[in-house]
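Student: Could you walk me through this model, one question at a time?
Tutor: Gladly, let's look at it together.

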Amino acid sequence: MLKENYEQVKRNIEAACKRAGRDVSEITLIAVSKTKPLSDVETLIRETDAHDFGENKVQELTDKYEHASVPVNWHLIGHLQTNKVKYIVDKVCMIHSVDSFHLAKAIEKEAAKKNVVVKILIEVNVAGEETKFGVSVEETENLVNQIKDLPHVRICGLMTIAPFADNPEDNRGYFRKLKDLLLDIKSKNIDNVNMNVLSMGMTNDYEVAIEEGATMVRVGTGIFGARNYNLS
Ligand SMILES: *Cc1c(COP(=O)(O)O)cnc(C)c1O
């Protein structure tokens, strides 16, 4: 089941790439394993080409990190509190959810202690939803300029969580807006800043996101099935 789901998502990614005239090698599929057992992660790694997994809680990520019997590229995709930074800076391959200088400074401090450089994305609240984390489109470049000089933090691009939409087409404009913002910041050639990663698109809308330039898509339900928060 897991393997079939994963491979179906890969085929959908391929088809979206074809429509958009892109190469599939440009896309990293992040399997979002939150609330799901580590055994699901290990099964996917054993049976498919999956390497990259996303978690939105620090405790769950570190638990899985500690018990995993195989190497996993862990991505922290959820909101991060400064007091939890120390648990993950040396365990994640990327933090997708940096939305303040305060948080970036906390990452810098812990990364320096552990002598690692942490790759991050700036989380942008493209749709301006009040309930969501993320910096506004207008504030993004300013935040990039604040963070760029932190030696143990490396900005690699932008991330967004689009609104929940039954029709993925409803989010196309937001994805396009994030891509435009990425290109705009990239064109300024800011020192120490890469603008190559665009993390956008989830189960409902990753194909549209790819058509609009996503380089990382974060798919949970489409691979692991529905999450049951009551049982977990
Ligand atoms: C849960 C989550 C996802 C995956 O959501 P699905 O709709 O299950 O694919 C992607 N990104 C973030 C930040 C999430 O928290």
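**Helices, pockets and ligand**

Tutor: Let's start with Ala-16, which sits in helix α1. Before we go on, this is a predicted model in which local features need pLDDT of at least 70 and side-chain atom pairs count only at pLDDT 80 or more, while totals for chains, interfaces and linings use all residues. Residues are numbered from 1 along each chain as its sequence is written, and side-chain values use heavy atoms, with hydrogens and water left out. Helices (H or I, at least four residues) and strands (E, at least two) are DSSP runs, numbered from the N terminus.

Student: Is Ala-16 buried or exposed?

Tutor: Buried means under 20% relative accessible area, exposed over 50%, and partly exposed in between (1.4 Å probe, protein chains only). Ala-16 has a relative accessible area of 0%, so Ala-16 is buried.

Student: Which residues of α2 are buried?

Tutor: Helix α2 spans residues 38-47 and is mostly covered, with seven of its 10 residues buried. The cover over those buried residues includes α1 (2-20), β1 (28-32), β2 (52-55), α3 (58-67), β3 (73-76) and α9 (221-224). The buried ones are Leu-38, Asp-40, Val-41, Glu-42, Thr-43, Leu-44 and Ile-45.

Student: Which residues does Thr-62 contact, leaving aside neighbours within four places in sequence?

Tutor: Thr-62 belongs to helix α3. Its relative accessible area is 10%, so Thr-62 is buried. Apart from those neighbours, Thr-62 is in contact with Tyr-87, Ile-88 and Lys-91.

Student: Which element gives the largest share of the lining of the second largest pocket?

Tutor: On a 1 Å grid over the protein atoms alone, a pocket is an open set of points where a 1.4 Å probe fits, with protein on both sides within 12 Å along at least five of seven lines, and lining residues have an atom within 4 Å of a point. The second largest pocket holds about 210 Å³ of space, a volume being the space filled by probe spheres set on the points, which are joined across faces, edges and corners. The elements giving two or more residues to its lining are α1 and β1. The largest share, four residues, comes from α1.

Student: Which polar side-chain atom lies 2.8 Å from an oxygen atom of the ligand, and in what residue?

Tutor: The ligand is surrounded by residues including Gly-220, Thr-221 and Arg-227, where near means a heavy atom within 4 Å. A ligand oxygen atom is 2.8 Å from a polar backbone atom of Gly-220, and a ligand oxygen atom is 2.5 Å from an N or O atom in the side chain of Thr-221. The residue with a polar side-chain atom 2.8 Å from a ligand oxygen atom is Arg-227.

Student: Is Asn-192 partly exposed or buried?

Tutor: Asn-192 is found in the loop between α7 (172-186) and β7 (193-199). Its phi is near 70°, a positive value in a residue other than glycine. At 43% relative accessibility, Asn-192 counts as partly exposed.

Conventions:
Contact means heavy atoms within 4.5 Å. A polar contact is a pair of N or O atoms within 3.5 Å; within protein, one must be able to donate a hydrogen and the other to accept it, and residues adjacent in sequence count only if both atoms are side-chain atoms.
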